[in-house]
Amino acid sequence: MRSHRTATAALLAATALLAGALSATSAGAAPAPSPAPASFAPQQAAKGFWTAERMRDATPLDLVRATPGALKAPAPGGKETVIGPTAFPQAGGPWTGGGAVVKTSGRVFFTFQGRTASCSGNSVTSQNGSTVVTAGHCVKYQGAWHTNWVFVPAYDNGQAPYGQWSATRTLTTDQWAASEDINYDVGAAVVAPLNGKTLAETVGAQGLSFNGGYNKAMYAFGFPAASPYDGSKLIHCSGNSSKDFLFSKDHSLGCNMTGGSSGGPWFTSFSEATGTGLQASVNSFGYTFLPNRMFGPYFGNEAKAVYDKAQVS
């Protein structure tokens with residue numbers, strides 16, 4: 001373990017990525033130049049494994065805070081407050097704006113330590129037309145690569161309107177693969193064609209932005225499944241992002257999304273009219289002592305290396 005971890009251990013122990021209050025690792029040393037991303041060919045999900053019931057019951061694998069009361073409580077009567085997508089900034093609410101993001105974003109399902117689990121992901125433009133970008137811990141965690149990995153674009157309460165896309169390969173940064181360095185919590189998956197078509201041909205794909213700097217207007221999307229959300233619908237946040245001033249090099253955004261949203265896309269230059277933008281990060285983690293704020297890794301050379309390798313796999 002790195003020497004600086006001791007000084008911040010008490011605070012970082014409260015920073016949870018995974019359900020069950022599993023602790024996130026701290027920020028790491030300076031990145032190595034042009035790292036070659038680690039990769040693994042996962043066991044493809046058996047046909048019929050991900051039933052509607054299994055998808056609904058999958059454990060949200062991220063962002064659950066350790067301290068009681070840190071998550072936003074449901075509105076009186078158990079109903080969520082629905083705010084239109086044109087409200088900016090937006091701390092968290094159902095996306096009702098339509099557009100491309102409804103089809104390109106979706107839920108990610110996999111098996112982790114013998115249990116079914118979920119994250120979020122997004123279809124991105126690529127040479128192979130079959131690339132999904134997500135968080136690093138949504139493909140590998142605690143030294144093990146997830147299995148039975150599928151992407152369900154436009155997930156709708158147990159239904160897969162555009163099918164279940166099984167991964168043939170998952171990838172992450174060297175930094176995440178080696179030490180789960182939170183600064184590089186970026187992952188990707190290459191999915192097999194379905195019904196003779198690629199993912200991009202079926203649902204479309206969003207562009208990406210690398211090394212674009214900080215302090216941008218951002219829109220974040222995901223399928224949070226921990227209370228007060230239930231994973232049944234696409235949720236979004238929006239606002240002016242900033243750089244984490246605490247223990248990481250991540251972007252920071254006011255957002256109340258919960259477990260299951262990890263890996264969902266963050267967009268710059270986002271158009272509410274068309275639901276399109278340039279993906280510049282993913283939902284990654286939150287600090288226990290700083291509720292209703294989301295953090296996402298900076299898409300630098302390390303993230304680009306993962307994307308470049310995935311899109312030609």
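**Notes on the predicted model**

1. Asp308 makes a salt bridge with Lys304, and their closest N and O atoms sit 2.8 Å apart. These two residues are four apart in helix H6, which puts about one helical turn between them. Asp308 is partly exposed, at 27% relative accessibility, and Lys304 also counts as partly exposed, with a relative accessible area of 34%. The count for the structure comes to one salt bridge. As background, side chains of opposite charge can pair when their charged atoms come close.

2. Now for the overall picture, bearing in mind that this is a predicted model. The protein has six helices and 21 strands. It runs to 313 residues, of which 56% count as buried. If you take the contacts between residues at least 6 apart in sequence, 74% of them join residues at least 24 apart.

3. Which residues touch the most other members of the largest nonpolar core? They are Phe110, Val132, Trp149, Phe151, Leu199, Leu208 and Phe299, out of 34 residues in that core. Several elements each supply at least two residues to this core: strands S6 (105-112), S7 (115-124), S8 (131-134), S11 (147-153), S12 (165-172) and S13 (187-191), plus helices H5 (199-203) and H6 (301-311).

4. Setting aside neighbours within four places in sequence, Phe110 is in contact with Trp50, Leu61, Arg115, Thr116, Ala117, Ser118, Cys119, Cys138, His146, Thr147, Asn148 and Trp149. One of these partners, Trp149, is also among the residues that touch the most other members of the largest core. Two others, Cys119 and Cys138, form a disulfide with each other.

5. On to the disulfides, of which the structure holds two. In the Cys119 and Cys138 pair the sulfur atoms are 2.2 Å apart. The S-S torsion here is about -80°, so this disulfide is left-handed. The bond links distant parts of the chain: Cys119 belongs to strand S7, while Cys138 lies in the loop between S8 and strand S9 (140-141), 19 residues apart. Cys119 is buried at 0% relative accessibility, and Cys138 is buried with a relative accessible area of 0%.

6. The other disulfide joins Cys237 and Cys255, with sulfur atoms 2.0 Å apart. Is this one left-handed or right-handed? The torsion about its S-S bond is about 65°, so it is right-handed. This pair also links distant parts of the chain, from Cys237 in strand S16 (residues 235-240) to Cys255 in the loop between strand S18 (251-254) and S19, 18 residues apart. Both Cys237 and Cys255 are buried. Counting bonded cysteines along the chain, the pattern is 1-2, 3-4.

7. Strand S16, which carries Cys237, is part of an open sheet of six strands. The order is S5-S16-S15-S19-S20-S14, and the pairing is mixed. What stands at the edges? Strand S5 (90-94) and S14 do; each has a single partner strand, so one side of each is left without a neighbour in the sheet.

8. Last point: strand S20 (residues 276-282). Five of its seven residues are buried, so the strand is largely enclosed by the rest of the structure. Strand S19 (residues 265-271) runs antiparallel to S20 and is joined to it by five bridges, with Trp266 standing opposite Ser281. S19 and S20 form a hairpin with four residues between them, and Gly275 in the turn has a positive phi of about 70°. Strand S14 (residues 207-208) pairs with S20 in the parallel sense over two bridges. Here Leu208 stands opposite Gln279, and Leu208 is also one of the residues with the most contacts to other members of the largest core.

Conventions: Residues are numbered from 1 along each chain as its sequence is written. This is a predicted model: local features need pLDDT of at least 70, side-chain atom pairs count only at pLDDT 80 or more; totals for chains, interfaces and linings use all residues. Side-chain values use heavy atoms; hydrogens and water are left out. A nonpolar core is a set of buried Ala, Val, Leu, Ile, Met, Phe, Trp, Tyr and Cys residues joined through side-chain atoms within 4.5 Å. Buried means under 20% relative accessible area, exposed over 50%, partly exposed in between (1.4 Å probe, protein chains only). Contact means heavy atoms within 4.5 Å. Two strands pair if DSSP finds at least two bridges between them. A salt bridge is a side-chain nitrogen of Lys or Arg within 4 Å of a carboxyl oxygen of Asp or Glu. A disulfide is a pair of cysteine sulfur atoms within 2.5 Å.
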